[in-house]
Each structure stands twice: as structure tokens, then as C-alpha cells.
Amino acid sequence: MPIHNADIARRFEEMADLLEIKGDNPFRIRAYRNAAQVIEDSSHELATLIAAGEDTSQLSGIGKDLAAKIQEIVETDTCAALEKLRKSLPEHITDLLTIQGLGPKRVRTLYQELGIGDLQALQQAAEAGRIRELPGLGRKTEQHIIEAIKAQTDTSRRFLRAAMQPYVDSLTAYLRKQTGVTRITVAGSYRRGRETIGDLDLLVLTDQPPQLMQAFVTYDEVRDVLAHGETKSSVILKMGIQVDVRVVPTASYGAALHYFTGSKAHNIAMRKRAQQRKWKLNEYGLLDGERVIAGTTEEEVFEALDLPFIPPELRENRGELEAAEQRQLPNLITLDDIRGNLHAHTRASDGRHTLAEMAQAAMEAGHDYLAITDHSKRLTVAHGLDEDRLLAQIEEIDEWNEQSDTFTILKGIEVDILEDGTLDLDDAVLKLLDMVIVSVHHKFNLPAEKQTERIMRAMDKPYTTFVAHPTGRLLLQRPPYAVDVARLIAHARQRGCFLEINGNPQRLDLNDIHCQAAKAAGVPLVINTDAHHADDIHRFEAGITQARRGWLTATDVINTLPLAKLRRRLEQARKG
Ligand code: DGT
Ligand code: CA
Ligand code: CA
Ligand code: ZN
């Protein structure tokens, strides 16, 4: 693999850091830092110059000694002097430099006075109040260290993807305005559309990296700066999420985008594929020895590996490489495929708007139909409908439909599944509806066997159309109830009913893996927004993203059908 200028510069920076921590000669330290800067800024790859037999000591700031080290790094990918230095200090001591406010001088003090050599020791010392007593450090620094480490190590904290979108939009808009910026892409789990994300990974194309990084770390939503470098910086936003920004070269943009989009498992599988061809794939490009085969765009990287473009949502190493190889990637569903919601609430239960207002919103969203599905009577907190109120609503919907010939309201209900698997409303009334949603809203803590049986019995009822939010989870809040989803899928298949992807960003239930399993079993899915407000009618993005992660195409999803076909499918799901 070719050694890039950035690789050489990084080593010289580390050398300078380590020498400074050791308290070496300031002129020597300066020389390494200067050289790192010169190398970083050079428009020619030093490895290429050396291969061409040129003498790098001709470059300003690079003497004979440094030129020899550059040659050593380029030819052997190591540097004996650096290795020696590393061995003379604790292995992880440079990790301390990732804490904003800790430069080599302070790290030297921490190491000399307290023997602190890694972040864990630093954290312990800070929490024990031992940092404040050191010369040049104080209570404020100590407090800052505690917070910075906590933020850095709290990897368990995750955020709802949908909730991050406004933060992502404003940050990217702000960065895009900086001079020299030509491209910004959000990579990582955000781009793959995962339901929750750990941190944000942004890639930037700019001809002014230092200015971009300066703008990023001084963005007014930044709470803490964890690292501020020339090509990579990390911050914590005031709302708590970490953001990593990397500046990458144009020629590597596609390779870097692919690498930092992940997932790690997908990357490993792709790298293996490159290795089978005796090539290397990394964030710089697809390489045959020193020759760059591809790197500018992702498409180019895939193509060079004889693969069509794999949508980011599929990159989890769940069979996407095999499917791509056989030209059998699914033609993933998009927002435009959706024709209407089959799960929405009105003021009759716990919604905010009337059915006329909900229908109006659906028409404005360009939909063809909307099913009104209020709660049933057991759900008293939601003013659930009893048989009489449901009969009245049925009449109201019939009247509404009379006066419209372009849009249809379907008559439905979201009926509670009682503990024994029976339903909360009489079959005699359910029979009058176009569709019946069954769902669990209480008794979440039954053993798996009982919970599964309970839902299966509800599917057996003659008018049941589909099961809403089948596992009952609330992301980051409440785990799914104990239920055997594989059995639910098998039963839905046998019974001829559907399963929902509840598109409420906090539910996204079924999840991606369940969707893939349902599709494989031939069970149709329904994507709904579960709207309780007119503004929620069109919010299909999260549900669609989840469906895409579940490999679904438009034909796997019932509410992509035009009304007449949809009605036929709803009829087929009925038993009575
Ligand atoms: P997150 O942030 O936990 O929601 O998940 P990701 O997927 O965004 O992970 P993150 O932020 O740690 O890293 C971004 C991408 O960088 C990841 O999806 C794949 C790539 N990556 C990170 N570490 C490694 C690694 O050790 N090996 C490989 N092959 N790729 C990695
Ligand atoms: Ca990430
Ligand atoms: Ca990251
Ligand atoms: Zn609902």
C-alpha cells in the first residue's frame, strides 16, 4: 500500500508529541512539527518523488536526517526512531492528547507527577481530585477532563435517527457555506438508515481544510471539542451527540465514503473481495500495489469489484454482496411508492383531528386513500370506541365518502387484543369494517409462549387484517415484550394476514431483520405512520428507511397498491 503524505506527517507529529512529553530539545520538536506541516501541504506525493529518485531534502524545512526518515517510512512503512520513542513511554499516552486542553506539556506534567499514562488513569486521578493540585492545572481543567472522558467513553448512549435529522441539516448547511467546501456527505449509521445512531460521521471535500475545521469546532451548537486536527476533528454538540468530521482528498472521496459508511461487517466483506483479486481496499481507494484502481466515487469502487451499487441501507453483510454479485439486489421501495396510510387516529380516540381533517391532510400528501383506525374501548385513556361509537363513525365515513370521488376513507379499527387472545369488540361490528388492526396495549409481561399464542389467536379471528407494532418496543425506552416473531411470521403466512412496520420513529416495529424474514416467508407488510395528528399523515420517511433496510420492494408492501387492488387484498385477508 502506498504511503501517503498524511501518513508521514502523522508520524512526524507523533514524534514531536512524544519528544515534547519527554521534555526533549524544543528545536528538535519544532523541526518535526514544521516538517509535518510541509509534508502535509506538499502537492506532490513524497512516495512518488522518492520512487522517481528525487531527493526530499531539497524541500524547505527537511534536512538530511528527516529526509532519511521519510525514505525509511516510505520504503518500510515503519520508523525505527519512532518505535524506540514509543517504547520509552506508556503505550496509550498520546490518547491523553485527544482531550481538548491537554497539550504535550500538560501530559508531561500528568505523567511525571502522577504517572498517568492512559485515559483510564487520567479519569481516576481527576475523579479523586488529584489533578487540581498540579502546577498549571486547576479545578476547572479537572472538571473539564472528567466531562470530556465521560463523553468520549459513553459509547452506549444512542440517539433516535429521526430526532437527529434537524441537527444534521443545520450543521451540514452551516459547513456547506464555508469557503472552499464543494461536498458534504453524512456517512456512518446515519447514511445506512439505522433506527438509532451512536455518532455522526461527516465527510467533507474542501480546498481549505484548516478553515473548515476551525469553522466546525467553533460552530455555535458545539459543547465540547474532543479533537481539533487538520483533517479530522470531533466535537460533542450541546444536545449530546458526538460528530466526527473528516476532510478527504477528491481522488479518495468515494473510497472514504464507502469506508466510513460501513458497516464494519460490510467493509470487511468488501475488503476480502478486493483481496481475492490481490488488491487492497481502504479509505484511500481500491489499490493494485501502488496503482489506484478506483476511489473517486463509490460507484467506481463497486464497479471495479464487478458489483452494482449497493444501497447504503443494505450494507450490513446480510447477503448483499452475494445478491449484488448475482445481480439480484432488490429494487428497494421508495417514498413515492406509498399510496396511503392504513393506520390513523382521530379525535374520536386519542388523535388530534377529525376524520375530515385527516382525510384532507392525506389528500394534500398526494395519497389515494386513508384508513381511520381509532382505538377500542378497553383503552380508556385513549377514549377507545365501543360498538355504538364505532357504528356512528362508520356512518360518518360513509357520508364523507359519498361526497368524494377522488379519495376514499377506509373504515377500520385498532382493536385491543385481550389477555386470552380474544378481541375487545364484537365480531358483528368488526364485520362491517374494511379492515381490522389487532394490537397489544397491555399485559406486556406475559411469558413468551403466552404472548405469542395470544397474538396468534387474535390473527385467527375472522376479520383480522394485520397486527400493528407486533413487538411493542419503544426505542431507547422500552424493550419488546417477550414474543416469538418467527412464529408470528409463520402464522401470518398460514392465516393470510399482514404485519405492520409502524413508522413512528420511536417504534419502527417490525424491525429490519424481521422485515427481511417476513418477506422471505411471503408475508406482506404494511407501512404506516400511525398518525395521531394531521401533520403525521405524510411522515413515511422513517418507515420507508426501515423497509429498505429490510430489503423490501414496493410489491412486498400492501399500501403501495391502487385502491381497487388494495380492497381485493383486504377482502382476501378476511376469513368470514
Ligand atoms: P454508530 O455510530 O455506532 O451508530 O455506527 P457506525 O456504523 O456509524 O460506526 P462508527 O461511527 O464507529 O464508524 C463509522 C464507519 O467507519 C463504520 O460503519 C465502518 C467504519 N469503521 C469504523 N471502524 C472500523 C474498523 O475497525 N474496521 C472497518 N473495516 N471499518 C471501520
Ligand atoms: Ca457513526
Ligand atoms: Ca464515528
Ligand atoms: Zn395506533
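Let me start with the lining of the largest cavity: three nonpolar residues, three polar and one charged. Here Ala, Val, Leu, Ile, Met, Phe, Trp, Tyr, Cys and Pro count as nonpolar, Asp, Glu, Lys and Arg as charged, and the others, Gly among them, as polar.

This is a predicted model, where local features need pLDDT of at least 70, side-chain atom pairs need 80 or more, and totals for chains, interfaces and linings use all residues. Residues are numbered from 1 along each chain as its sequence is written.

Terms next. We work on a 1 Å grid over the protein atoms alone; a cavity is a set of points where a 1.4 Å probe fits but cannot get out, a pocket is an open set with protein on both sides within 12 Å along at least five of seven lines, and lining residues have an atom within 4 Å of a point. Points join across faces, edges and corners, and a volume is the space filled by probe spheres set on them.

The count is one cavity of 30 Å³ or more. The largest has about 50 Å³. Its lining is Ala255, His258, Tyr259, Asn267, Arg271, Leu281 and Asn282. α12 (253-261) gives the largest share, three residues.

Now the second largest pocket, at about 590 Å³. It has 30 lining residues; Gly503, Asn504, Pro505, Arg539 and Ala542 lie nearest its centre. By class, that is seven nonpolar, 13 polar and ten charged.

Where does this pocket lie? Domain 2 (159-247) and domain 4 (335-573) both give residues to its lining, so it lies between them. Those bounds come from an automatic or database domain assignment.

Methods. Chains are lettered from A and ligands numbered from 1 in the order in which they are written. Side-chain values use heavy atoms; hydrogens and water are left out. Helices (H or I, at least four residues) and strands (E, at least two) are DSSP runs, numbered from the N terminus.
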